[in-house]
Amino acid sequence: MTNLNLPVAETTDAEIPLLDGAVYGCVDYKGRPARRSSSGGWRSASFIIGVEVAERFAYCGISSNLITYLTGPLGQSTATAAENVNAWSGVASLLPLLGAFIADSFLGRYRTIVVASLLYIMGLALLTLSAMIPLDATSSCLERNNITSCSSRLFQVILFFFSLYLAATGQGGHKPCVQAFGADQFDGEDPEECKAKSSFFNWWYFGMNCGILATNWFLNYIQDNLGWGLGFGIPCIAMVVALIVFLAGTKTYRYSDKRSEKSPFVRIGRVFIVAARNWRTTSSAIAAEEKASGTPPHEGSKQFEFLSKALLAPDGSKEYVKVCSTEEVEEAKAVLRLVPIWATCLIYAVVFAQSSTFFTKQGATMDRSITIGFDIPAAALQSFISLTVVLFIPIYDRIFVPLARALTGKPAGITLLQRIGTGMFFSIVSMVVAAFVEMQRLKIAQEYGLVDTPNVTVPMSVWWLVPCYVLFGMADAFTMVGLQEFFYDQVPSELRSVGLSLYLSIFGVGSFLSSFLVSAIDKATGRDGHHSWFASNLNWAHLDYFYWLLAGLSIIDLAAYIYFSKSYIYNRGSTL
C-alpha cells in the first residue's frame, strides 16, 4: 500500500517521470517530482525551525516550572513532585515511539504533525482551564463538612493531570516527525545539501533553545508572579501560532515518496524471525550465499553474523518467499547496532533530568535578589543552559566544524560518536560542580542556624549555580545535537521518525530511572527517623550525596560508551 508523507493525493510510478533537478524519492505538495530549485532546502527548513521555536516555548512553559506548581498550588512534597515530574517527562519522551510508528507506517509525517498539533493545543487549553479554577486549601478537605470542596479539588487535580498527559500525547506525535520532516528537506545524496543537513541539526537545536530561553526569561516570571492561568495560556497560544506557521510552508516542502509494499517494521522483524528459524545454518553456508549473490565483503558483514542466516531458507535452498534480501539484513543490523549506544546514554539522561527538578529547588532556597523588590524565579536559571547553547552553536557550526572538516575530511568535522562522548564528559563535570555547590550551601545554612527554618533564604547567591547550568549547556550542545543526527542518520530512511523517537526515548527511560532512583533512595535514607537525601526541607537533605552518586555512575557509563563506540560500524550509506 502506498504511503506518502503528503497532504494530498497519492502517486504512482507512471506519474513520476525522471526529470533533471528532481530529488530522488521526494515529491512536492501536489505529488509531482520535487525539484531541487523550487522545494526543500533552507527555505522550507526555516518554517520548520520556526515551528520548533514555538513548540519548545510551549513545552518548556509546562516542564521547566512544573515542580513549582506541584509543590505550590497542588501542595505535594518535594520527593513526590520530583517523581511526578520525572514520570511525566518519561512518558512525554517515550510517546514519540508511538507517534513515529504511526507516522512511518500509516499517516506520514505531515499528517501526523497536524493531528498531533491539534491534540497538543487541546491539552494546553484544558491545562489552562484547570489552573484558572479557584483552588481550595488542602486543609479544608480535612473538614468533614466540606465534602463539596474536596470533590471540587479532586476534579481539578484529575483535570490537571489529564490535560498534562494529553499535551504529552500531542508532543509525542509532534516532536519526532517535525525534526525528521525538517531534515528531509535536504538531499543526503547531494554534497552541498549533505553539509547543509548536518548544519540543520545545529540550527534546529539553536532555534529550540531560543524558545526555551524565552520561556525561562519571561514565562516563568509570569507563572510565579501573575498567575498560572496566564502562564499556561500563553503556551497554548504559542502552539496555535506553531500550527499556522507549519501550514504556511505546505507548498514549499518536500514529501517522502514511500511506494514500498512492505512496512519497514515488517521487513526488519522478518529478518529476526527467519534468522531464528535458521539457527542451525553454518557460517560457510552464509559465506557461500553472499558469494553467489555477488555481495562484496565489507566491514559490517561479519558483525551480527547470525542475522545473515535470514539470507537462506531452512533447507539451504533459495526460496524467495522464505528468505530476506541482503538489503533487509543490513537494515536489521543497522538497527541492532544502535542498542549499545542507546543503552550507554541512559545515565546522561538521568543527569539531564536534574536541571528541571532539584536544581530548581536548590535555587529557590538561595538569595535570588537582583534589585530591591525583584527576585529572579528559580526556574529561570535554566535559561543559562539555553543561553550557553545559543551562544555556542554558531561558534561550533561556523568556526569549529569548518576547521575540523579541513583536518578530517568529514562533513560534520568530527564523528557523531565523538561529539556525543564529549558532551557526556561535560555532564560529569557539571555533577561534580553541583555537588561542591550544594556542600557549600549546606555549610552556610548550618553556620547561620537556618537548618530548621526552610522558608528563610540561605545567604548564598544563586549565581553559584550558574556554572552548573553552563556546563549542562555545553554538554547539550555536543550530546543532544549529536544524538539527534546520529539516530536520524543511522536508521533506514523510512524509519527516520522512529530513529528520532529512539533518541527521545533515551530521555524518557532516563526520567523513569531518575524517578526510580529518587524513590528508592528516599525510602532507604528516610528510615528510622533519619532525614532523607530528598527531605522537603533541603537544609536537612543531602542532594550533594545524590550528585556524587550520579557523577560516579556517569564515569562508569562513559567508559562503557567509549568501549562500544570503538567497535561501532557506521552505515555504508552514511555521510559520515
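Colleague: Is Leu 107 buried, partly exposed or exposed?

Modeller: Buried means under 20% relative accessible area and exposed over 50%, with partly exposed in between (1.4 Å probe, protein chains only). The relative accessible area of Leu 107 is 32%, so the residue is partly exposed. This is a predicted model, where local features need pLDDT of at least 70, side-chain atom pairs count only at pLDDT 80 or more, and totals for chains, interfaces and linings use all residues. Residues are numbered from 1 along each chain as its sequence is written, and side-chain values use heavy atoms, with hydrogens and water left out. For Leu 107 the answer is partly exposed.

Colleague: Which helix holds Leu 107?

Modeller: Helices are DSSP runs (H or I, at least four residues), numbered from the N terminus. Helix 3 spans residues 78–107. Leu 107 lies in helix 3.

Colleague: How many residues line the largest cavity?

Modeller: A cavity is a set of points on a 1 Å grid over the protein atoms alone where a 1.4 Å probe fits but cannot get out, and lining residues have an atom within 4 Å of a point. Arg 56, Tyr 59, Cys 60, Ser 63 and Phe 352 lie nearest the centre of the largest cavity. Helix 3 is among the elements that each supply at least two residues of its lining. The lining residues number 33.

Colleague: Which helices give two or more residues to the lining of the second largest cavity?

Modeller: The second largest cavity is lined by Tyr 348, Met 424, Ser 427, Ile 428, Ser 554, Asp 557 and Leu 558. The elements giving two or more of these are helix 14 (416–447) and helix 17 (543–567).

Technical notes
1 Å grid on protein atoms, 1.4 Å probe; cavity = no way out; pocket = protein on both sides within 12 Å on 5 of 7 lines; lining within 4 Å.
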